[in-house]
Amino acid sequence: MTASIHRSVDFEADKSMMQNQMEKKDDQSVAPPVYDQELGEITGPERDLVERGHSKFNRLGWKRLTVVLIVEAIALGSLSIPSSFATLGMVPGVICSVGLGLVAIYTSYVVGQVKLKFPEVHHYPDAGRLMFGRIGYELIYGMLALQLVFLVGSHCLTGTIAWMNITSSGVCSVVWGVVSAVILFLLALPPSFAEVAILGYIDFASIIVAIGITIIGTGVESTNQPGGLSAVHWTAFPEGDVSFSEAFIAISNIIFAYSFAMCQFSFMDEMHTPKDFTKSIWALGITEIIIYTVTGALVYAFVGQDVKSPALLSAGHLLSKVAFGIALPVIFISGSINGTVLGRLIHGRVYKDSPIQFINTKMGWITWTVLIAIITVIAWVIAEVIPFFSDLLSISSALFISGFSFYFPALMWFMLICQGKWYSSKKNLALSFLNGICFIIGLVTLVGGTYSSVDDIILKYRNGTVRGVFTCAQPS
């Protein structure tokens, strides 16, 4: 009787345990549906893809964001600054370098405020939609796409100049352009900015060492010349008859150097704590102002009116080879991240309603690879069509960066950030004045810079001072 009771109890216990195990198994095999903001309610394998995708693209802290911004920002701009100083003179050059840098920090802060207030803004075109509807979205989408392609193209051109300078070979410049394009393509394949941040430390060290070699090399060379540094011909203000086009190209090249607000929405979209963005933009902005101003002033003071663009060409025959060799990482890493940003912009739009957007499936990788290849080819064509460094940066700066770094952020403050009427308080009046200045700077750069760049390009082709399209001559 007792044994029978024990067997009955054991049987009931075993039965209960089996039922619990089956319930747990059912719970594991039939997980509750997940709601994704873009894809809606999803279940099954797609749920895992989306969860892995979100975790993949939300890993940036403010320190990593600073590194990514440095990778995107401190590159070609620093190489064009000394020639801008030579055109403008030392005093206007320093004023423009510091002043425009401080303005860029503020407009970048406005962009960050918009992202915090409207988390659904993933890219710059989304902010355009908030301001002007579908027309604003499509307009800014096109501008951003073109600017990013121009940036990749300018890095492709710089890579061509670097390879030709390093090798001193008779290989056609078009071939070196293809080599540069292939490297840019390969480095743009990682789709997450957190992955690119790892390369950022190499990138930053590369440009700092390359600039350091250029400054030291030009300083030593100038010291050893007859008359020493006192014999170097540099001026505090513009010398001779500087044309409107020459002056505005110089200013546009400085503006080009402060273009980090352009990709900020995309970068902040991967932050796990977006409100920390202010630390990043201040760290980057102050770093840029110091690097650009010191580089521009010292190289100009050591070389004088004969300073070249890119500035690394001014370091002398041997040292320029060394400097370009060390600068190769910044040329290609910084260039590739612009291709990645554009790829994310287009890929995310095309596959908005599909897990393919997260690029963690076979089809995701195939479509991503093809897209990056197309972007790189278009950028290479631009580099061959406009094969002269300063004008390529200038026209890019005038057409697009004038908006992304100046007049669009000013409009965002008036339309999206301002609390109450613009004249309703002393704070609003002061900020309205500041944003009004930013808006005017942007419009003046758009009109004056575009005219100057086109005028200079036409003049150079007419005078035959630059190589032709898709030819083997040395890029200028």
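K279 is partly exposed, with a relative accessible area of 41%; here buried means under 20% relative accessible area, exposed over 50% and partly exposed in between, with a 1.4 Å probe and protein chains only. The model is a predicted one, in which local features need pLDDT of at least 70 and side-chain atom pairs count only at pLDDT 80 or more, while totals for chains, interfaces and linings use all residues. Residues are numbered from 1 along each chain as its sequence is written, and side-chain values use heavy atoms, with hydrogens and water left out.

The side chain of K279 meets that of D276 in a salt bridge (4.0 Å, N to O), a term that stands for a side-chain nitrogen of Lys or Arg within 4 Å of a carboxyl oxygen of Asp or Glu. D276 counts as buried, at 19% relative accessibility. Across the whole structure, the search finds four salt bridges. One of them joins D269 to K115 at 2.8 Å, N to O. K115 is buried, with a relative accessible area of 5%, whereas D269 is partly exposed at 23%.

Helix 6 brings several features together. It covers residues 124–167, and 32 of its 44 residues are buried, so the rest of the structure largely encloses it. A bend of about 150 degrees falls at F132, taken as the angle between axes fitted to the seven residues ending there and the seven starting there.

The side chains of E138 and R349 meet in a salt bridge of 2.8 Å, N to O. Because E138 lies in helix 6 and R349 in helix 12 (residues 317–350), the pair ties together parts that are 211 residues apart in sequence. R134 joins E138 and R349 in a network of salt bridges.

Also in helix 6 are Y137 and Y141, four residues apart, or about one turn of the helix. Both Y137 and Y141 are buried. R129 lies over the face of Y137, at 4.1 Å from the ring centre, and R349 lies over the face of Y141, at 4.6 Å; a charge sits over a ring if NZ of Lys or CZ of Arg is within 6 Å of the ring centre and within 35 degrees of the ring normal.

Technical notes:
Helix = DSSP H or I, 4+ residues; strand = E, 2+ residues; numbered from the N terminus. Expected span 1.5 Å × (residues − 1).
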